[in-house]
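Please read the points alongside the structure.

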Amino acid sequence: MKKETSVFDFNHNYEPADILAKIKAKNQGKPKFNFLDGPVTANAPLCLHHGWGRTLKDAYNRYNSLIGKEVDYVWGFDAQGMWVEVEVEKLLGLNNKKEITQYGVDKFTEKCIERVNFFKNRQTEQSKLFEQLGDWEHSYITNSDQNITSIWHFLKVCNDKKMLKQSYKTMPWCPRCGTSLSEHEMSGSYKERTHKAVFVKAKLVGREERILVWTTTPWTLAANMAIAVNPEFTYCKCQVKSDKNLLIVNEKQVKVLRDDLVKIVEKVKGSELVGLEYEPFLPLQKQQFEHKIVPWDQVDEVDGSGAVHIAPGCGAEDFALGTKLNMQPFIIPVGENGAFYEDFEWLAGLSTVDCEPLVFQHLADNHTLYYHHDYTHNYPFCWRCKTDVIFRLVAGYDIATDGIRKDLLKAADTVNWTPDFMGKSMRQWLTDMGDWNISRRRFYGLPLPFYPCEKCGHLNVIDSREELRARALNPSKVDKIPHLHRPYIDEIQITCEKCHEPVSRITDVGDCWLDAGIAPFSTKPKGQFKADMVLEMKEQIRLWFYSQLFMSVVLTGEAPYKNVVGHSTIVDEDGKKFSKTGPRKIYIEDVAKQYGADVLRYAFASANPTLDMRFGDSIAEDAKRRLLALWNAYVFYTTYAMVDQPDVKNYQPENLAPIDTWLVQLTNQYILATREAYDQFKIHQVVKLTDDFIEDISNFYIRVNRRRYWKNGEDQDKMNAYWCLFQALRSIVIVLTPLVPSYAQYLWENCFGEGEAPVMLANYPVPLKIKTKTNLLEPVNFVKQVISLGLSLRAENQIAIKQPLSKLYIKTNQIDTIKMFSAIIQEQLNVKQIEIVTDDEKFNVAYLTVNFKKAGAILKNRVQALKNALQNTEHMTEYVAAFEKGEKINIDGFDALTPDLFERKLAPRSGFVITVTDDVTVVLDTTITDDLMLEGIARELIRSIQLERMNQKMDITDRIVVELKTGDAKMYAAACAHQPHIMREVLATEMQIVEGKGENEIHIRLA
Ligand SMILES: [Zn+2]
Ligand SMILES: [Zn+2]
């Protein structure tokens, strides 16, 4: 043991640098803990919110090493997809896909790779600072050819299972990113937005009537193909001030005419409007066809005019209706960048937002604009760049989900979800999810291995790099490309397997969730895809947990994981969200430096993962305070052990005192309970168990056993006390190692370790064997309760703990327990004697109060007078005696009252204080005799001298000389009366007591 009393440096990492190699050597070939890390996006430094998951993951890995399992400590980096492109575009000042093409796709791709490599390294360094143990040389990265071809294989299997389909559908589309968003990317990405909505009048052909139509997306009028009405609804033909023609509007929505309405002229059923022809809204070549009013039962009477403008190229429902009514070919007005196509004349090149004034102008010129207004609604935005999404008809590739839904649900049921509501969320998601849209029209991502043949229509899907080479028109080209990304891969043509014509790859890349979802197959040895545990934020249910599950069920029919653990979000102390994209970029190393990595880790480990975690100074300070409670216990132990050098490691305890037996049993309980909590992936419970155990050690075991360490010599009792405390603290240090590796290593090195081996090479503690079988956990809880009741009595009655009292009375049926621990109770409550009593009446006096319910009925308004009479009487003893005999009671002014008008109650007799619970009655005799008073003063004096010893930084074994000068007669008397005792307690070889004047003066010096 090294001497250590300074404060611990939380900013220093005490773990040896080669620790991972040592752990691997120790556990090689043992049963595996197969952990799979969800790859972190290598696109920005790790921030505070990453810390929680990384602490938990690292801790479970380390725990499994401690219980003797082989753990690979491999971490993942997500390294391709739209999110990298967006950042690189910003960096290069590129605004859209056209500018990327001009810049050069090859250069752009290399910039993306450069960026992810940079952040992979940056995040690795940050993780090391955060004491995350990693085999960093073997990290996996999702842009590797290995990862890409593993996904190719998956897609090939999908194609073989006829799950792959090409389809037109309406997709949420980000005009800035130029790509669609999949269903799972859309959840949660809504915010309140205000747009221009417009009421437009459609001129009915050959009639003096107009039908009113409403839209919140004016740009889609360019793609209008029909107007839909509900055949069941009633529509009104209205005379208005602003137009000589009648306006047709749904009867529930006449209010939209505002004060323009003159009167309703006629009412018609929607069915009567169906089939009428109207003139197109906008004068465009594309609009030169017959426009008709069509029936649609989905039209509602809530918003707008009850007549809906239909643009199948711009909305999912419109697309469905258009398909049903055979309106093809649909008008698709805007391209990938959200700008109108060239053949849209005066709209060409304008964005869906910029075109609005022109559209309104054309409507006005054509006398079809009624009015436009601001409209606020929840509207989806792109989660990457925050641009409002539009809806576009897109040709793309989907993986059909209906056929596999049952298998996914079945596989999800085999998984242990923690917390278990995540299982329900996954079930819900799997029940509701639509097809998985996997194609993205972008540059730097998974190149989809799809080669549709234009000649014969066959879709060729490539399974591997080998197959690509084998089927390439020019195989040497395959050998020359630096990696499988665009644009290099696009240059490779293959031969169609059906008609043998040359075929090119589609230029689409894949959804980035394919990249992370394949990790169980691309990063683990064959057959070891099933992780014992994955752990991420619970939002990953519909993201990574989902994509993994999906891909695994397609490939193997089984779930890719046995246990899925989720955690919530970190919010700041005010409950607001920390964000990595917002202004509050809090880099993890900055926070780790501020508080110390272990403090931060302990704060994360303490949080209940089912709830959002608040984070701020007070949370970190609290974690530190709890860690330092262990430090204080350690300092207590080492302070005495430095002197005695007890050989606890080779000690066999005999004749343990009951309080020692209790501590050993508590230690054993702690070892088993923490192991169970770790095994159930409930680290916050490990923390709670630890904090409670340290509290029991510091505030009970050490407090009640202090003297056993002070006393001179080395007897069995003292060795037992050392051994028990050592074993308890040693267990805590090992149990805490996964959470606070540096702190634990320091304590281990200094005190609890065996030789040079670091604590990560220790075995998880196992219960200690002792002879006593009687369980003392409950009895000691009872003793603690009695002590706490006694201390409360003292506090309530303002009797200082240093003041000895003569007697403590206890009434209880747990007499054996009180006897077994009487010395401890006596010392803790500072009483001379404990007496067990069977009756607590003698400490009380009985008195009567009025039973208001009964007395009120008889005495009516005189009941208050009776109450006063009872309160002021000097004859209470007589009344009580009469009450107890059941006799009538005569009170001044009230004769012969029956006992049932009263209630008998008890109050402590003078000189006693009493507290009563279900289990026990505790009574203190509060009479302070002169002797007791002097003894109390002597105790205060001892405390003052001890404080002075500490102020002078004296060693606990230093002998001293004491001089006391006092003008206080009681202090003088107390010091004289208890001099030998005082000297023993403070290790004085000499003590002078001088009567003086004024304040007490205490001087001490080394003897
Ligand atoms: Zn976007
Ligand atoms: Zn072909």
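Predicted model: local features only at pLDDT ≥ 70, side-chain atom pairs only at ≥ 80, totals over all residues.

1. The protein chain comprises 33 helices and 39 strands.

2. Overall dimensions. The chain's radius of gyration is 41 Å, whereas the globule rule gives 30 Å for 1007 residues; the value is well over the rule, so the chain is more spread out than a compact globule. Along the principal axes, its C-alpha atoms fill a box of roughly 120 × 90 × 55 Å.

3. Burial and surface. Of the 1007 residues, 55% are buried. The chain exposes about 44,600 Å², and 50% of that area is supplied by carbon and sulfur atoms.

4. Contact range. Taking contacts between residues at least 6 apart in sequence, 77% join residues at least 24 apart.

5. The α3 and α5 pair. Helix α3 spans residues 82-92 and helix α5 residues 105-129; they pack at an angle of about 105°, with their axes 10 Å apart. An angle of 65 to 115 degrees counts as roughly perpendicular, which therefore describes α3 relative to α5. On the α3 side the contact consists of V84, E85, E87, V88, E89, L91 and L92, and these meet F108, K111, C112, R115 and V116 of α5. By class, the contact has seven nonpolar and five charged residues, and no polar ones.

6. The α11 and α12 pair. What is the angle between helix α11 and helix α12? Helix α11 (residues 405-413) and helix α12 (residues 421-432) pack at about 175°, with their axes 9 Å apart. The two helices are therefore roughly antiparallel to each other. From α11, R405, L408, L409, A412 and D413 meet M426, R427, L430, T431 and D432 in α12. The residues of this contact divide into five nonpolar, four charged and one polar.

7. H50. This residue lies in helix α2, residues 48-66. H50 counts as buried because its relative accessibility is 16%, with the limit for buried set at under 20%. Residues up to four places away in sequence aside, H50 touches V40 and P45. H50 and M537 are 487 residues apart in sequence, yet their C-alpha atoms are 9.5 Å apart in space.

8. T149. Helix α6, residues 145-160, holds T149. T149 has a relative accessible area of 17% and is therefore buried. Neighbours within four places in sequence aside, T149 is in contact with D463, S464, R465 and L484.

9. S522. Which residues does S522 contact, leaving aside its neighbours within four places in sequence? They are Q146, N147 and S150. S522 itself is in helix α16, residues 519-522. With a relative accessible area of 8%, S522 is buried.

10. D955. Is D955 buried or partly exposed? Its relative accessibility is 34%, so D955 counts as partly exposed. D955 is found in the loop between α31 (930-951) and β37 (960-966). The C-alpha atoms of D955 and V643 are 9.8 Å apart, while the two residues are 312 apart in sequence.

Methods:
Residues numbered from 1 in each chain as written. Chains lettered and ligands numbered in written order. Heavy atoms only, no water. Axes fitted to C-alpha atoms, helices over the stretch in contact; angles between N-to-C directions. Helix = DSSP H or I, 4+ residues; strand = E, 2+ residues; numbered from the N terminus. Parallel < 35°, antiparallel > 145°, perpendicular 65-115°, else oblique. Contact = heavy atoms within 4.5 Å. Nonpolar A, V, L, I, M, F, W, Y, C, P; charged D, E, K, R; others polar. Rg over C-alpha atoms; globule rule 2.2 N^0.38 Å. Buried < 20%, exposed > 50% of the residue type's maximum accessible area, 1.4 Å probe, protein only. Areas by Shrake-Rupley, 256 points an atom, 1.4 Å probe, with all protein chains shown as cover.
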